[in-house]
Every structure is written in structure tokens, then in C-alpha cells.
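Opening the notebook on this one. I wanted to look up a few side chains and some ring packing, and jot down what turned up.

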Amino acid sequence: MEKDRVKFRENYRERLRRTTQTLDGFQGRQLPEVVVEDDRTGMDVETFKRAFLDNLHYLQGVADWNASLYDCYMALSYTMRDRLMYRWIKSVETTLRTRAKKVYYLSAEFLMGRQLEKNLLNSGCWMRVHEALTDLGLQLHELMEVEPEPGLGNGGLGRLAACFLDSLATMDIPARGYGIRYEFGIFEQRIEDGWQVERPDKWLRLGNPWEMHRPQEAVEVGFEGHTEHYIDNEGRERTRWFPDRTVIGSPYDTLVPGFNTNTVNALRLWSASSSRDFDFQVFDDGDYTRAVSEKTFSENISKVLYPNDNTPQGKELRLRQQYFFVACSLMDIIRTHLLTHETLDELHLQSAIQLNDTHPSIAVAELMRLLVDVYGYEWEKAWEITSKTIAYTNHTLLPEALETWTVDLFGRLLPRHLEIIGDINQNFLKQIQDKFPGDWARIARMSIFEEGPVKKIRMAHLATVGSHAVNGVAELHSRLVQEALLKDFYEMWPEKFSNKTNGVTPRRWMLLANPKLSYLITEKIGKGWATDLDLLQKLESFSEDENFQETWNTFKEDNKFILARYIEEKQGIKVDPSSLFDVQVKRIHEYKRQLLLVLYIIHLYQQLKQNPGADIQPRTFIFGGKAAPGYFMAKLVIKLINSVAEVVNNDPDIDDRIKVVFLENFCVSLGERVYPAADLSEQISTAGKEASGTGNMKFSLNGALTIGTFDGANIEIREAVGEENFFLFGLKVEEIQSLREKGYNPQAYYHGDPQLKAVLDSLISGEFSRGDRDLFRPIFDALISHDEYLLLADFQAYVKCQEQVSATYQNRPLWTKMAILNVARMGRFSSDRTIREYAEEIWRVRGIDVNLEEFADRALEHHQDLP
């Protein structure tokens, strides 16, 4: 840090000396007319320098000579935020003036990634900021590395939400994201003795320059208490809710600029605090802990993303979190609507509320409560507004992710909402009876309430009943939603259901993550592809061009070298950049089958031990991802990966032909290193379990080939890039169903396949556990006894497919051609296309034109500059 300060101080003194000489040289001369831009909004290099130094002095409170890199990062971030702020104000003014319909995106996760690099790119300031900092003796890339990354998501769901916000702004659609400002995010993952250890993610420790606190727009959220029924002045039956506890939701706004456009939207995250921070009477009585108990209780709501719900307390906190951010958001949406409208009669015409998975589904009951209890609407009118305003995206077929709450817990925390859901369900059951008279089994299946020893509320059913549109996120997933998960609902309302295949933003995952490849593409086909990804098709004509292939491979090797250097620095493992980089980075879960890749590595290791001279394609196997803190089997798989790495990486017989790496604390910024460097993308989930996946898209867009199952968006990617450019293996959904109906017996595979048996036996031999035969026995027993995700059934097909991968990789011109065609044919997987479909078919919204004054609009001319 001291070296940074000395360097900055020396550069500053040299600049001051040169400036003095220049001014002396102008003595007695006619000076040219100088146009000085506003320091808050101006876009030229000199304006940036002035603004940066002002923010360094007056916001960070440091002088040039004692500024740390973090001070400089903060000053630069504030300088950029000023320019976004002006555009945001103009965007809000335009939206209000034109009364444009707005999109509100409710999500428990927003995995936004680092903001500085994205905001520089999207606002067109990258090259000028780079030049300004260079003049000041600073390096832009060093400041970008200083930025902490908020872990406000666990994987694809949160990253998808971030991609969608980028696309909404880029397409000029007025929108706002809503979520929770988790103080500690998901967690910081550390690997100790091969085990995942969770540490607090202190992303707010040094402050966050990108957020703006809006305490004047805080709202109050109730919990617990009781309800009372009464007759109002007009003789109507009404209900009042008297909460026993209230929590303050305080909003923090983060600006989201579009690419090559003036539009700036916002992500609003809610932080929880107590309405009664301190009890003086209790404190004076000497009970110091109880004096601040309300403060602790309230702040816990926004403390951590996804608290462990293996305990009753954890389940209760999850429900409190979900209701808290939904209630805050709906009150804010109504407040915004009433700025330009006298009533809520047309809320559904001016607002589109999208539920990102089942977590925010309590929005149906809460919006009804607000309309009926607070704003005095009759039930029928309130239901019309609610059901026309809300739409629901389902992201999973896994039962544990569909959110069910016991009636006892729900009724204790949200008594009024339990009554409302009861009324919604009663009306709904009448509809079922009218359409399917006498079908009591159907009524039981479709009811929002699940009967049984413990009565539960099925939140996915509530979301489906209360939404005007329900969509899946890949063609197969949407079909399974309609044919299995919500089959009865589809038969009742087929017009509600549609598919909206996920996508990713090429700005983050190509322009920022892979600038060399982006430059090569732009050189060949022009710059328009960043907002029209279908233009990548023009690359097909270069797929067999030797010079193009050579440059392509050079840039791929550079990316691999960068990742190899990172692995050596961070993990202490030296890997060969010329080896095949075989990568699986994603949330650790049994259905995603990281374990299947581990079994293959063990198989390959055993083959080499039996025949050390075998000629195999050298590979570096790279894993990354986090397991939920309470998910024992997933954490045991992480331990197995690291235990196998310990043996394989240090065996002299292997001679570095296989290396295994588990990347610690995988996150967005690490993904930006990994995706461009991958040769092979592992998308090997059990068919029918992955809703869509977006990692598969990021890999393919960066030139990795896919080995995958017939699952999620893999199917559509294979269809797009061509069957010959995709390594497919494994059972399909129908084959799995047939196998289960016949009676799947994993032991038959175990005893009938000597190679598979040897691999599984090694798990309990102590070979990978320092002699402990019991450490990995839970994995062995699970595979042998029931093998829920059919690893054994797919094992041999996977091995054969991997052999095909190795053979193809050794034919480099063929492999390179396949990689180029993968990139060229991935246009449909832009999040811009996904958002366009939502906007036209579900939300019925259009983009708006945001006009700025000339000096602030100038940056848009320079978007051909790539980082």
C-alpha cells in the first residue's frame, strides 16, 4: 500500500512540474477558447481528471500523496456514479412524463458482479477513463481489482436476474429490480483440508460507492399479531391486521446503465432495521441484552442470504425474509404509481410485476391485502388488478425448491395473509369444481393447501393461481412444467403457460470477460453484435480460415495462460495451459452431478496406474461452486474432489497428464476468468432436473465445446450449434421414466461393470481418504442403494463420450472449427432476446427514448472502444 502512495505522489509532483512549465510558456500569448464541461457530467479526459481529484479530496478526504488504491477506486466510482446519476434522473423524468408502463422484477437473488468495469463499458467511458488515470499515474485494471464483489446470490438465479436488468436498460425499458440488501451475502467459501468452510462475506466492510441510501422512502412491515373484523362506514365487512412486531425496510438504490443508450434503471435493495432500536426501561433495569433484542431481531432479516433452514428458526427466518422484501417492494410500487395516478384502478396497465421463481410468491396475498384492507377495494376488483399485474417464472422442478410453509408457522407470522390465501383458495376450488365437476382428486392436487398430518401452503400453487402468465425457462423445462409439475393448472388455463428460454448478456460475458475474442469478432463483423447477437452468424464463413483459426487459438491460449497463472498464485497448483481445460463450475448439488465427473477422473487415474505409458490427451479438470451450508452430501462431494486432487496431482506415475483443481470461492469475477479459458464445458445434470442453466451459454459463447445430457437449455444449444458440434450422452427424460417404472437397480450396474466397480470400490478403500475407509462411504452407499440421479446408469456412456472428446481435441483444426461455429450460432441465447419475449408477450411494455444534453450524450459515439 505504501508503494502505491509513493508512486502516486511522485507522479503527482511530476504532473505539477509539467503543468507549471506549460503555463509559463503561455505567458504573453493568445490562449485558445476553452470549453469547460460540467465536472459531474462531462465526458472528456480533462473533466474526468478534475472530477476524480475532487472526489478523492472531498469525498474520500485524502490528499494525492496519501491516497491508497482503495481511495482511488472509491473516487473513480463516485466519478462514474455522477455520470450515471444524471442519466438516471433523466430516465425517471421521461418515464413519469410519458406515463410509460414499468417492469418490476422481484428476486431473492441479484448476483450483479463488480460494478466499475460494467459501468465503464456500458456508459462508453472506458478508454477516456483509462487515459485520464494513466495521466494521473494510475492503472485502471489495478483499481478494478480492488472492488469487493457482493455475493447477493448463489448461482444461476441471481446471475440471470443481473443479466435481465442489463438487458432491460439496454433495450430502454423502464424497470426496477427489487431484492434484499444482505449484509453478508451468501458466504465466502474457504477450503480447509479439502472441506468447504463458510466465512462471512463482508462486502460492505469498506463501504459501497455504487449504492444510494433513501431513508425518506423507508416503509414499515408488520409481523405476527391478530386480525379483527368490522363493518365500515358504508356497511361493508372489513378486516384490520394488528401486527405485534414491525420492521423498517430502508431502500438502497444501485444504478443499472444500459449499453450504448442513455437509459439508466435501478436495483432497489431493502435493509431491515427495528422500529424500536433501544428500550431504555429494560436497559435501566440491567437487562442489556433484552434492551437491544428488537434491533437484533429486525436486522437478522437482512443479515444473510438463505439462512440454513434445517432448523425451525431457519425456516421462520426464510419466511420473514421473503415477506419482508415483497411487502417493501409492493408498497414502493404503489407509491410510484400514485405519483402519476389518483387511484390504483389501472395498476395492471402501468405496472408489470415479475416473480423470479417461487420465493416472492407471497406477493399475491400481500397485494390483495393492500388493495382490500388498505385502499378499500372490493375483493373482485382487487383480484382482477392483482392477477393482471403479477406474472410468475418457475425455475425448478425440484420439490424442495418450490417453497411450502406449514400453516402453523405461516399463520403465526402472517395471520391476515393466511386468511386471504384461504379466501383465494375457496374461490379457486369453486372454479375447479365448475370446470371439472366431481373430480375430487384433482381438487386435492390443485388446492393451495396441502392436507396431511402437517397442513402446508403450496406457494407455487398460489403464484400460479394469482398470476396472468406462468413460464418455464427452457423448452424441455416448460414442457415438464405443463406435463408434470403443474399439469392440472395447465389443463385448466393453457393460455397462461409459455416458455421463455433464458439468456445471458454478451456485454458482461463477452466484451468484459473475453476482450481479445471480442476484438477479433468486431474486427471481422463490426461492432453491432454486442446488442444484436444474431450477427455472430457472420463468423461461420471464417470457421475454416487458417489465419482466423490461428488467431482464435492464440487468444484462447492467452486466456488459458491467464487462468493457469491465477490457479498457481491462488491455489498453489501448476497446470499446463496446453492441456485440455475440462471445466465444471456451478452450484454444488447432487442433480448437477459433479460426482459423475469425479468418478470419470478416478477411472482415468486407474487406467494410467495400470498402464503408465498410455498415450492420453492431457487434461486439467477444473471445478468451482458453493454448497449450501446445511447440504451434507454436496459438501462431501467437495471434499472428495479435493481428496482426489491431492492424490492425482502428486502421483509421479501420472506425470502431470491429469491435474485436478477446485477453485475456491467461485464468483462472477472468477467466472470472467474461467469461461474464456475453458475448452470443454461440463453440463451433465440428470435429464429432466436442470430447468435451463446459463453457464452452458456462457461457455459456448466463449468458444468452449459442450459435453452434456439432454437436459435444460442443452437441448436448444445443441439444436442451435449443430449436433456434430456437441458431445451428447446419457439417458433422456422418457428413458429415465421407463427405467424407473421397470425398477432401477444400481447394483446391477455395479456388479456388471468391472471398471465402474473398481471406481466405486476406491471410494471405500481409503485410497483417496488417507486410509479412512468410512469418510466417503455415504457417497458409496447412496450410489449403490438408490442412485437418485442415475450416475451409474450413465457412467459408461459418459466414458465413451469423453473418449470422443479426447480424439476430437487432438484434431486441432476440427476442434477450432467446432468452437467457432459454437460462438457463431449462439445468437438466440442473448438475454436481450429473452427480455424482448417477456416484453412483447407477458409484460406488454415498450422502450422509451431518454434524451440528454449534448455534453453528456457524447460518450455514446465511442462504444467501438473495447476494454
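**D582 and its surroundings**

I started with D582: its side chain makes a polar contact with the side chain of R619, at 2.7 Å. I'm keeping in mind that this is a predicted model.

Next I checked where D582 sits, and found it in strand β18, which covers residues 580-585.

Is D582 buried or exposed? I looked up its relative accessibility and got 0%, so D582 counts as buried, the cut-off being under 20%.

Then I listed what D582 touches, leaving out residues up to four places away in sequence. R619 shows up there, along with T620, F621 and I622.

**Rings**

How many aromatic pairs does the structure hold? I got 23.

The pair I noted down is Y809 with W815, which is edge-to-face. Their centres are 4.9 Å apart, with 85° between the planes. I checked burial for this pair too, and both Y809 and W815 are buried.

I also followed ring pairs through Y105, F164, Y838 and W843, and they link these residues into a cluster.

**Charges over rings**

Back to Y809 for another look: R812 lies over its face, 4.4 Å from the ring centre. So my entry for Y809 has W815 as an edge-to-face partner and R812 over the ring face.

The charged end of K496 sits over the W493 ring, 3.9 Å from its centre.

Note on methods
Residues numbered from 1 in each chain as written. Predicted model: local features only at pLDDT ≥ 70, side-chain atom pairs only at ≥ 80, totals over all residues. Heavy atoms only, no water. Helix = DSSP H or I, 4+ residues; strand = E, 2+ residues; numbered from the N terminus. Buried < 20%, exposed > 50% of the residue type's maximum accessible area, 1.4 Å probe, protein only. Polar contact = N/O pair within 3.5 Å; in protein donor to acceptor, adjacent residues only side chain to side chain. Contact = heavy atoms within 4.5 Å. Phe/Tyr/Trp six-rings, centres within 6.5 Å; stacked < 30°, edge-to-face > 60°. Lys NZ or Arg CZ within 6 Å of the ring centre and 35° of its normal.
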